[in-house]
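Look at the chain below, together with its sequence.

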Amino acid sequence: MFLAGLLLTSSGCQQGRKEVVNEYNIVPMPNQMTPQEGRFQLSDKVLVVTANCTPEVQAIADSLIARVQLTAGISLQSSSQEHAESPAIRFTTVEGMPKEGYNLSVSPNEIILTASQPNGFFYGVQTMYQLLPPAIYGKEKVKRADWSLPAVQIEDAPRFSYRGLMMDPCRHFVDTDYIYKFIDMLAMHKMNTFHWHLTDDQGWRIEIKKYPKLQEIGSKRKETLIDYYYVNWPQIFDGKEHGGYYTQDQIKDIVAYAASKYITVIPEIEMPGHALGALAAYPELSCRPDRTYEVATTWGIFEEVYCPKEETFQFLEGVLDEVLELFPSSYIHIGGDECPKTAWKNCAHCQALIKKLGLKDDTTPNSVDGKKHTKEEKLQSYFVTRMEKYLNSKGRSIIGWDEILEGGLAPNATVMSWRGVEGGITAAKAGHDAIMTPSPYAYLDQYQEEPEVAPTTIGGYNTLKKTYSYNPVPDDAEELIKKHIIGVQGNMWAEYIQSNDHRDYQTYPRAIALAETGWTQNAVKNWDCFRRRMVEDFKRMDILEVKASRNFFDVNINTRVYDGSLKAVLETFYPDAEIRYTKDGSAPTAKSELYAEPFTWEGSIDLQAAAFKDGKMLGKVNSKKMYANLISGKKYTTVPKCGWMSGDIFSENDVLGADPTTLGLTNGKRGNIASFTPWVTFKLNNNNNNELVFSVDMETTATVSKVTFGTLYNPAFRVLPAGGVCIEASLDGKDFKEIGQGTFTREYPERGRKMFTDTVECTPTEARYIKVTLKSGGVLRNGIDCRKDSPDDIIPSDLFVDEIEVY
C-alpha cells in the first residue's frame, strides 16, 4: 500500500487527502516527477535570471515574462547577470542532456530550469505554463487566479524523437489563422512535427512559381460531394467551387512560426498516385496526355496517376526545388500510397520501361515483406527510388506511406505505417526508420463517439481511450524494432471536415493522447491518471477556444456478456463522476438511479444516461434503445461468414481486439443509418443460394413465438434489405421444422438509405435451437443503382443485418 501510494504521488494524480493542495496536471506526463510541499508565488519581485544563456534561450525566457505580464499583470524582472537572491526563476545551461530534455526544480524560493539545448528550455517552459492556472493561455489579465506553481522535481525527456500531427487542407482548405492555432496546440503538448499534406486529387495547395497552372487550375474543384460517399448514387454535389492555396510568403511565415515553437514542418507532395490536382493542370504528365482531367469532386482512389516518364520527373524535380527552398526540414514526404497500376498496365511507355529495367513479377515472396509483387509495383519502387535519389542529392531524406514497401523499399526511406502496424514493423526489421500512425488508433477522422450523435465522418470508431492505449513499440519487441521506430503521428484527414470547429472536434482530445504516447514512457503512462489531468487540459482548450469533442464529459453506452448474460455497460471518461440513468426514455437527473456495475434488463428499454459531478450534469444525455430477448448475448454462426464489418462498434471503448464478447447480431442494440459501424455485412451470391443462414443455440428450451430483425437499404453501397425470411426451430439441433416465414414489399426512399425492422409471427413452439434464413433483397443495376466497379450489368446485392431478436 505504501509503495502504491508513492507511485500514485509520483504520477501527479494524488487523490483523497484533503490537505494535499498541489496538483500536477501536466500533459504529456513527465517521465520522472516527484511532488514537493509548498508553492512558488509569482510577483513583481521575481527575477528571471538567464546568465550565460544564448540569445535563443533568452528569447524563450522573454516569452515567459511577456505571457505572465499579459495574463497575470505581473512584471517579472529580467536579468542576464547571475544573482544569488531569491525569489528567482533561473535558466541554467548544462552539457550532456538530451536535446529535448529538461530538469525543472520548483521550490517556494526559486525555480531552476536546466537544459542543454533551447528545445529543452522551451519544453520546460511549457511544463511551467501547465503548472500555472489555465488563464496563462488567455489573452487578457486575470488577477484573481492563484499565480503560483506547486513545488516539484522533474527530470524529463521524450520517449520518441518524432511526435507529429498531420493536417489535410486538400479535401477542405484550412485558413492560415487556424494553422497558427494548430501549431500552438502542438507546442503546448510537446509535439515537434507538423506534417502538412499539400497535394492530392481534390486540390493542389502550394504555390509553385515555375508551374503556375497548379494554383490557377489545380487548386480549384468545381463542387464537392454532399453527405457520406456511399449514401447516394448518382452522388449529389453542392454546386459550389472550392479552392485555395498557400502562397510561398504564407508558407515561409508559417514555417518560421513553427520553428519558433521548435516544430518542424514536413511538406507532403504526393506521388505517383493522388495526382489529379496536378494532372488537371498538366495532363501531359499522365499516361494519357490526350485526355482532359478535372480536380476530383469526390473522395477515394483514382486510376489517373503520374506516368514515369522524363517529363514527369523533370516536373516533380522542379516542384521539389521550390519546396526545398520553403521547407528546411530534413524530411520531405512523397506520399506513395494508394497508387493503382491500371494506367501503367495499359501504357505502352510504362511497359517498355518495365522491360528496359528488367522488372518481372515475383515468383517467390519478397525477402523484406514476404509478399509477391508485380512488375508494376516494382515500377513504383523505381519511381520512388528515383525521387529519393534526387532528394538525397539535395541533402534531404524521404518519408513515404507504407505502400512504398511494395516492390522493394527505396534505400534510405523512412516508412510511415498507416495500414495497421505491420508496415512499420517490417521496415524496422529491414533496418529502416519507421513512424507509427496506424488507422485503428491514430486516424483522428474516425468516429470517437456514437455515430448517431456525431457529425458525419469517414467511419470507423476510435475512442479517446483506445487511442491512449496504443503502444508503438511493445515492451518485448526485438532491439532492431526499438531502434528504428522513431515516433508516432496522428492523422487528421478532411474529406468530411468542412469547418474549423469540426476539425477541432475530430482532432482533440485524441491528438493529446497521442502526444502523451509520443513523449511519455509506456511504463509511466496511466489511463486513469491521464483522464484526471485532462480535466484541466479541457479548461486550457476552452480558454484557447479549441472546440474539442466533449464526449469526455458524456456516458458511453455499450453491452457486454458477463457470466453468460448480456449486460448494459456504462462508462464516462470524466474522473470520479457519477453516472445516473433511466430506462423509460426520460432524461436523467442527479436523483436518478446511480450506476454501480453492469446490469441486465428485461424487454425493450430506452436507456438514457449522463455523468454528474457535485450534483451537476457534466455533458449531454446519451441514449440507446436496447432489446432483451431469448438470444441476447448468445453466440451464433452464419453461412456465409460475415464480411468486412463484423457488427457492433469496433472494439468499442476497449483496447483493439481485446474484447471477444461483443456479438454484432445479438448485442441488444439495433443498427442505424448514421454509419455502417453497427452492421454485420454479408456477401450473397449463387454460391450461397443468395441467402444468409443464421443459427443460434439458446442454451435452454423456451417457447418461441416471433422473430424481429433489421436490414439496411443502401443501393449506392450495393445493399438491399432482406426480401424474405424463413424461421425454423429444433429441440436437438438436428431436426428443424419451419415455424414462420414471410416475404416483404418495400417502399424505398428516392435517395439515401433506410433501415427496415421486420417482425414475423411464428407458430408458438418449444425449441432450443433457432435457424433464421434471410433471403436476398434482389439484384442491382451496375452503374445505375451503384458505382460500376465490374463489367457485369446486373449484380447481386449484399445484405447488412442488425439485430436478430427471438421472442
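What follows is a short walk through the structure, starting with the overall form.

The model shown here is predicted. Its secondary structure comes to 18 helices and 35 strands. Along the principal axes, the C-alpha trace spans about 95 × 75 × 50 Å. The radius of gyration gives another view of the overall form: a compact globule with 807 residues would have a value near 28 Å, and the chain has 29 Å, which agrees.

How much of the chain is buried? Of the 807 residues, 59% count as buried. The accessible surface comes to about 32,800 Å², and carbon and sulfur atoms hold 49% of this area. Contacts can also be sorted by how far apart the two residues are in sequence. Among contacts with a separation of 6 or more, 72% are between residues 24 or more positions apart. As for charge, the chain has 88 positive and 107 negative side chains. The centres of these two sets lie 0 Å apart.

Strand E24 covers residues 604-613 and is mostly covered, with seven of its ten residues buried. Which strands pair with E24? One of them is E22, residues 578-582, which is joined to E24 by five bridges and runs antiparallel to it. In this pairing, Ile 579 stands opposite Ala 611 of E24. Strand E26, residues 622-627, is joined to E24 by six bridges, again in the antiparallel sense. Here Leu 607 is found opposite Lys 624 of E26.

E24 also pairs with strand E25, residues 616-617, over two bridges in the antiparallel sense. Phe 612 stands opposite Met 617 of E25. E24 and E25 form a hairpin with two residues between the strands. In this hairpin, Asp 614 takes a positive phi near 55 degrees.

The last stop is a residue in a loop. Gly 138 is found between helix H3 (118-131) and strand E7 (148-156). Why does Gly 138 count as buried? Its relative accessibility is 9%, and buried means under 20%, so Gly 138 counts as buried. Leaving aside neighbours within four places in sequence, Gly 138 is in contact with Arg 67, Leu 70, Thr 71 and Ile 543. Gly 138 and Arg 540 are 402 residues apart along the chain, while their C-alpha atoms are separated by 8.5 Å.

Notes. Residues numbered from 1 in each chain as written. Predicted model: local features only at pLDDT ≥ 70, side-chain atom pairs only at ≥ 80, totals over all residues. Heavy atoms only, no water. Helix = DSSP H or I, 4+ residues; strand = E, 2+ residues; numbered from the N terminus. Rg over C-alpha atoms; globule rule 2.2 N^0.38 Å. Buried < 20%, exposed > 50% of the residue type's maximum accessible area, 1.4 Å probe, protein only. Contact = heavy atoms within 4.5 Å. Areas by Shrake-Rupley, 256 points an atom, 1.4 Å probe, with all protein chains shown as cover. Lys, Arg positive; Asp, Glu negative; His and termini not counted. Charge placed at Lys NZ, Arg CZ, Asp CG, Glu CD. Pairing = 2+ DSSP bridges.
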